[in-house]
Amino acid sequence: MPRFNVPTDDAQGPLVVGLDVGSGGSRAAVYDASGREVAKRTHKEAHSFTVRDDGTSIIDPDQIVDEIRTALRTVLKGSLPGEICGIGVDTFASSLIAVDADGKALTPCITYADTRCHAQVATLTDALDIEALHERTGARLHSSYTVPRLAWLREEHPEVFARTAHFMALGEYVAFKLLGTPALGTASAAWSGMIDRRTGEYVPELLEAGGVDAEKMGTPLNPSDALPVAGTPLAKEFPVLKGAVWLPVIGDGLAANMGIGALGTGIWGISTATSGAIRQLLDTEIQALPSGLWAYRVDDRRTLVGSAMSDCGRVLDWARTQLAIPTDITETDTETLFSVPPEAGTPLVIPFLSGERGTKWRGSSRAIFAGISASTTAEDMLRGALEGVALTFLRIADQLREASGDPERIVLSGGMTEAVPGWLHLLSDALGAPIDHVAVSRSTMRGAAVMALEEAAPGTDIAEVPVLRRVEPVSAHTDYYRERLERFEKLADLA
């Protein structure tokens, strides 16, 4: 994957810093006015979540603060080819930290993957009008959202709940520790599932269900509500940042779209990592939100609409380990395997190894392989599994078209596609649309930087992300996948 960077001597100011906190580490990089990394001014501090069999998935929030300090110290070392005007921040979405009146974290950061509140999800599902709330908040009731987590904390740890003065998202907590002021972006607040997607205000019945007042939740700030760094502890620690503004944190989904160039209302951004997603930034009102989509408010003009799947690259990893596919996938001719015309004898696969998210949100669903015979090979099963991933994307695409029409362009990035680029033939055929596989590493961190450029240096000429290759659909194959989807949906109901 090309670095998409610019040598120091060619960098043009103003500069911005991108900060990205993902599941595998905290990163920082310096970007010039074109949105390209400056030389090798990038640094990652690796980390991992603490996970347990009971569904726990946590990380120490103060560790994250220290990691960001270390990353900043590394990338800001020495002379810079311009002034830094902005700092963009993204984190993995849906996080929760209980903080006391003295600003001390009472809990670890509870991550999106923590499922200990599954019983509260069931209780709230029975007590609330789920469909009406989905239309209002743009979010489903799920263990990764904030209300069931608040209910779990109140029931399982009442002493901690009682001592909590503020409930913060991770990026909000980082700003609080570095600047002295919490900064929760509207786009991050929307991922709590608690704010009205049209007004940006907390929904009263969800506050009541979580047992909190709005004052204990962060105030949603639009990207334009950036905080000056001057006069803060961060400016004292890093004087080079004193002229910059700190943008309120955004979620990694929005950052991913911005990082790969999916900025216009007619552009779909597709991510193909361990999980997968299709997202679109809209600046028009969605009158009726399709049931399988989420819609997260960004500001009073824009909404991020889309849906996700838990199993994308994970399906490829499973196949490599369980189907005797060589661990080094390059030993398998995947370009030929995925580019030949589809055959009716290919196994039909429901690839829900970790349950179903978009579009029907059935967490207990599991994978199904159908149509296996004595002559079926491991390669046939691999093809069927990745056809199943493509059909899962097609289900989401159908609902996106219902919300906003056909896309003008589709851009895609992600580790899975980099490992087996040939599978884009399957995806393009299934969607019935051309796909541009774009070349940018660390797309979420770049997206945070692009957001910073938009707000702190409006009018800068941001470089177009290079296209590695463009894949065109074969119409006859599209017809095949449309028929295949009908069978997929029937089998998925049994999964």
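Q: Two strands pair if DSSP finds at least two bridges between them, so in what order do the 7 strands of the open sheet come?
A: The order is S18-S19-S17-S16-S22-S23-S24, with mixed pairing. Helices (H or I, at least four residues) and strands (E, at least two) are DSSP runs numbered from the N terminus. This is a predicted model: local features need pLDDT of at least 70, side-chain atom pairs count only at pLDDT 80 or more, and totals for chains, interfaces and linings use all residues. Residues are numbered from 1 along each chain as its sequence is written, and side-chain values use heavy atoms, without hydrogens and water.

Q: Which strands stand at the edges?
A: S18 (294-297) and S24 (467-471); each has a single partner strand, so one side of each lacks a neighbour in the sheet. Direction ignored, neighbouring strands here are turned by 25 degrees against each other on average.

Q: How many bridges join S16 to S22?
A: There are 5, between residues 267-272 of S16 and 409-413 of S22, and the two strands run parallel. Trp268 has Ile410 in S22 as its bridge partner.

Q: What lies across S16?
A: Helix H10 (residues 252-259) does, and H10 also lies across S17 (276-282) and S19 (303-309), running at about 75 degrees to S17. Angles run from 0 to 180 degrees between N-to-C directions, and axes are lines fitted to C-alpha atoms, for helices over the stretch in contact.

Q: Switching to helices, at what angle do H15 and H17 pack?
A: H15 (residues 424-431) and H17 (residues 475-492) pack at about 75 degrees, axes 7 Å apart. That makes H15 roughly perpendicular to H17 (65 to 115 degrees).

Q: Which residues meet there?
A: Leu426, Asp429 and Ala430 of H15 meet His477, Thr478 and Tyr481 of H17, where contact means heavy atoms within 4.5 Å.

Key:
Angles under 35 degrees count as roughly parallel, over 145 as roughly antiparallel, 65 to 115 as roughly perpendicular and the rest as oblique. Two strands pair if DSSP finds at least two bridges between them.
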